[in-house]
Amino acid sequence: QVQLVESGGGLAQAGGSLRLSCAAPSRIFSRAYVGWFRQAPGKEREFVAAISRNGASTFYADSVKGRFTISRDNAKNTAFLQLDSLRPEDTAVYHCATKDTILTDHRIRRNENEYQYWGQGTQVTVSS
């Protein structure tokens with residue numbers, strides 16, 4: 001069973017910043033594409049951002065474009081999501097997800113059904 005561990009969530013004021021981390025097993029991470037999703041109370045889980053296996057391609061939901069930045073450090077087997085200019089509507093549990101793929105696959109994935117491994121999530125709460 002592959003375990004992803006998110007950290008970095010917490011309470012922030014509107015306009016503030018947080019940096020989320022997602023640690024994954026080394027046998028998976030360097031071969032995997034990565035995505036971040038979030039789920040607010042009473043709402044369905046939604047796509048936030050994704051990065052390709054080699055880190056060259058990224059994609060963001062319109063709601064976070066220009067405010068959030070996804071990145072990865074394969075040497076540390078960790079992915080990051082930098083959250084800037086936070087808004088109260090960003091309040092949610094944030095989950096990272098991965099799935100390993102072939103060396104030549106540099107696509108990003110937005111559909112949660114294309115991810116195999118998930119973390120338990122980290123809570124982000126933004127006060128107005």
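Analyst: Leaving aside residues up to four places away in sequence, Asp 90 touches Arg 38, Arg 67, Phe 68, Ser 85, Val 124 and Val 126, where contact means heavy atoms within 4.5 Å. The model is predicted, so local features need pLDDT of at least 70 and side-chain atom pairs count only at pLDDT 80 or more, while totals for chains, interfaces and linings use all residues. Residues are numbered from 1 along each chain as its sequence is written, and side-chain values use heavy atoms, with hydrogens and water left out.

Asp 90 is placed in the loop between strand 8 (78-83) and strand 9 (92-100). Helices (H or I, at least four residues) and strands (E, at least two) are DSSP runs, numbered from the N terminus. Asp 90 counts as buried because its relative accessibility is 0%; buried means under 20% relative accessible area, exposed over 50%, and partly exposed in between, with a 1.4 Å probe and protein chains only. One of its neighbours, Arg 67, is joined to Asp 90 by a side-chain polar contact of 2.7 Å. Such a contact is a pair of N or O atoms within 3.5 Å; within protein, one must be able to donate a hydrogen and the other to accept it, and residues adjacent in sequence count only if both atoms are side-chain atoms.

Ser 85 counts as partly exposed because its relative accessibility is 41%. Its phi is near 50°, a positive value in a residue other than glycine. Asn 77 also has a positive phi, of about 55°, although it is not a glycine. Asn 77 belongs to the loop between strand 7 (68-73) and strand 8, and it is buried, with a relative accessible area of 17%.

Elsewhere, aromatic rings come together. Rings of Phe, Tyr and Trp (its six-membered ring) pair if their centres lie within 6.5 Å; planes under 30 degrees apart count as stacked, over 60 as edge-to-face and the rest as tilted. By this rule there are six aromatic pairs. In one of them, the centres of Tyr 33 and Tyr 115 are 5.2 Å apart and the planes meet at 80°, so the pair is edge-to-face. Both Tyr 33 and Tyr 115 are buried. Phe 47 and Phe 59 form a tilted pair, 6.1 Å centre to centre with 35° between the planes.
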